[in-house]
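Here are my notes on this one, as numbered points. Have the structure open while you read.

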Amino acid sequence: MLSVEVMRDPVTDFEYPAAWVAACRSPDLLDDVRRGVAVLTASGSVLRRGFTTGTTAAAACKAAILSLACETVREVDVTLPCGIAVRLPVDGYRGRASCLKDAGDYATDVTGGLEFVAMAAPSLSGGVQFVPGEGIGSFSRDTPRHRQGTAAISAPALDCIRRSIDEAVEEADLGGVTVILTIPRGAEVAQKTLNPRVGVHAGISVLGTTGFVEPWDDHVTEGVVDRIAHAPGAVVLTTGRLGLRYSRLLFPEHEAILAGNNLEEALRAAGDDTVICGLPGLILKFINPDVLEGTGCATVEELSATPLWEETVRRELVAFQSRYPRVRVVIVDRDGRIIGESP
């Protein structure tokens, strides 16, 4: 009897059903699926993951530093926040490098093709300095995690950038370096994002929890529904990477499924006795798209730090439970603490 290869997505740890593997229309791309740079869908198609703004920034910074030592750099290796190493094309020459953001098969990514530019110069005083420049947004007011005026760079993205800079400094055998990162069209493209509405101005955010951009199209929506259908028992639906981690910790007997923005379709497929667990942003906006109306807050995260939070969450969860009496909702913060739960 022939054994069937067990394939897992190294980013989400999802085990692809054997039927999906057998239906794959591009078997030569299955190695990309194994490495995590692509996803296999229920229909048999393979969709390429893109790279986040954080990954793109890290590649540009690393290339700029390396080009100080070898003049021309055409590609660099970057270790993503999820631990997967990837190679990105760059254009580096004598301390200046650029990298174009690759959206993969996520066709509606408004930052796709955006150029990130890094300038590097040896530091006579030693040490490493990273300077966010033009086109990178900054917070227009204090938030629960950021002070007014600080650059809109998430912690995982900043860690990836700094790690890439340190690797390049060591490889180029430099005593110190200053790197300035800019996004020439960042302020223009930011107008097409949610940044102006969430209190980030003058540029885009540099983000990336895993380092990858998921190709959330109709095929992947079908894949989420099929994952629910293949689940051996009860499921817990979540919206992002952190939510997936905490869902597995809080509900070890459930099959944790990353639904992203597709909660409505996923909930319809999962039916009763389902749990929704994750960070508050997407969950509360799913429950009530107008949840922020009248609060004076630009984001759900900002709302969570106000006296309005407990009453707002209680009201929204009660209303949701009246519509879905057998669906449990558990809202956690970034440290995994439960900050809202169905009554």
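1. Start with R49, which counts as buried because its relative accessibility is 2%; buried means under 20% relative accessible area, exposed over 50%, and partly exposed in between, with a 1.4 Å probe and protein chains only. R49 sits in the loop between β4 (46-48) and β5 (50-51). Helices here are DSSP runs of H or I with at least four residues, strands are runs of E with at least two, and both are numbered from the N terminus.

2. What does the side chain of R49 make a polar contact with? The partner is the side chain of E214, at 2.9 Å. A polar contact is a pair of N or O atoms within 3.5 Å; within protein, one must be able to donate a hydrogen and the other to accept it, and residues adjacent in sequence count only if both atoms are side-chain atoms. Setting aside neighbours within four places in sequence, R49 is in contact with D9, V11, T12, G36, V37, A38, V39, G104, F212, V213, E214 and P215, where contact means heavy atoms within 4.5 Å.

3. A word on provenance: this is a predicted model, so local features need pLDDT of at least 70 and side-chain atom pairs count only at pLDDT 80 or more, while totals for chains, interfaces and linings use all residues. Residues are numbered from 1 along each chain as its sequence is written, and side-chain values use heavy atoms, with hydrogens and water left out.

4. Now the whole chain. It has 11 helices and 21 strands, and 49% of its 343 residues count as buried. The C-alpha trace spans about 65 × 65 × 30 Å along its principal axes. Of the contacts between residues at least 6 apart in sequence, 62% join residues at least 24 apart.

5. On helix α7 (residues 241-250), the buried residues are L242, G243, L244, Y246 and S247. Their cover includes the strands β17 (235-238), β18 (255-258), β19 (274-278) and β20 (327-332).

6. Two backbone spots deserve a look. Most residues other than glycine have a negative phi. R94, however, has a positive phi, near 50°, and lies in the loop between β7 (85-93) and β8 (96-100). R94 is exposed, with a relative accessible area of 54%. A202 has a positive phi too, near 70°. A202 falls in the loop between β14 (200-201) and β15 (203-204) and is partly exposed at 47%.

7. Towards the end of the numbering, G340 belongs to strand β21 (residues 338-341). Buried or exposed? G340 is buried, with a relative accessible area of 8%. Leaving out neighbours within four places in sequence, G340 is in contact with V313, L317, V329, V330 and I331. Its C-alpha atom is 15 Å from that of V291, 49 residues away along the chain.

8. Last, R314 is placed in helix α11 (residues 309-323). R314 is partly exposed, with a relative accessible area of 45%. The C-alpha atoms of R314 and A256 are separated by 25 Å, with the two residues 58 apart along the chain.
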